[in-house]
Amino acid sequence: METTRYQVKVTFITELLGVVPKNPGVYATWVALKAAAQADEEPPDVTEERSWTGFHSDDEKGLYLMDYMVKGFLKEAASVLPKVLGITKKSGESISGRTVKGRLDKWLFIMPRRIYLGHMKEAGCIERPLRASTLQGDRIALARSDYVPAGTEIEFTIVLLKDCPITEEALREWLSYGELLGIGQFRTGGFGRLTFSMEKLS
């Protein structure tokens, strides 16, 4: 199968927060809350639990991101900037962000599967208040995220199907969006912002 490939190097200009739940009971708690709601019972008390996220880790190579995190970032950027694709409806209006994301799922791929951060462990953790709507009403919880420092670099390859409408200009536009809204937890708070360099391989 013919493809077009670009090698990308990303440098994070703010701390990157992890997104992987560190509490192994997160899913069990969610199931318990859902079951209580369906049975019209009093839900378990989870107001004291913290939402704590970190990174995937390999004992030999350290912390890493999964490929789908980078793809998710590009899909989000593309949904904000869909006109870069040059795809329009018959009416002449730009297609929806949801449609853009769906098409990118079929056209664009990230390699390798594991994208290593160059750190064996996190630099520390950041805590912040988090407002959440629960079955017991609005609550203020404490969110905690491990982070790696600004200056952390990653490298990956963007693979495009041959003759798909995604251009190098579009990729650069989407990656540039990362300087404003990046990758990872609490990116709306300015975390995970990035700069990049990109080179066409084939």
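Where is the place of serine 145? In this predicted model, serine 145 sits in strand E10, which covers residues 137–148. Its relative accessibility is 1%, and because buried means under 20%, serine 145 counts as buried. The side chain of serine 145 has two polar partners to look at. One is the side chain of threonine 53, at 3.0 Å; another is the side chain of arginine 128, with a polar contact of 3.2 Å. Leaving out residues up to four places away in sequence, serine 145 touches Leu17, Gly18, Trp52, Thr53, Gly124, Cys125, Ile126, Arg128 and Gln185.

Phenylalanine 12 belongs to strand E1, residues 3–12. With a relative accessible area of 1%, phenylalanine 12 is buried, because the cut-off for buried is under 20%. Its contacts, apart from neighbours within four places in sequence, are Ala150, Gly151, Thr152, Ile154, Ile183, Gly192, Arg193 and Leu194. Glutamate 179 is 167 residues from phenylalanine 12 along the chain, yet the C-alpha atoms of the two are separated by 8.9 Å.

Helix H2 takes in residues 67–80. How far apart are its end C-alpha atoms? They are 21 Å apart, and this agrees with the 20 Å that 14 residues should span at 1.5 Å a residue. The buried residues of H2 are Asp67, Met69, Val70, Lys71, Phe73, Leu74, Lys75, Ala77 and Ala78. The list includes the charged residues Asp67, Lys71 and Lys75.

The backbone is the next topic. Most residues other than glycine have a negative phi, and most peptide bonds are trans. Against that background, three places can be picked out. Methionine 111 and proline 112 are joined by a cis peptide bond, with omega about 0°. Proline 112 is in the loop that runs between strand E7 (108–111) and strand E8 (114–116).

Aspartate 163 is not a glycine, but its phi is positive, about 70°. Aspartate 163 is in the loop between strand E11 (153–161) and helix H4 (168–176). Is aspartate 163 buried or exposed? Its relative accessibility is 73%, and because exposed means over 50%, aspartate 163 counts as exposed.

Phenylalanine 186 also has a positive phi, near 50°, and is a residue other than glycine. The loop that holds phenylalanine 186 lies between H4 and strand E12 (194–200). With a relative accessible area of 35%, phenylalanine 186 is partly exposed.

Notes: Residues numbered from 1 in each chain as written. Predicted model: local features only at pLDDT ≥ 70, side-chain atom pairs only at ≥ 80, totals over all residues. Heavy atoms only, no water. Helix = DSSP H or I, 4+ residues; strand = E, 2+ residues; numbered from the N terminus. Expected span 1.5 Å × (residues − 1). Buried < 20%, exposed > 50% of the residue type's maximum accessible area, 1.4 Å probe, protein only. Polar contact = N/O pair within 3.5 Å; in protein donor to acceptor, adjacent residues only side chain to side chain. Contact = heavy atoms within 4.5 Å.
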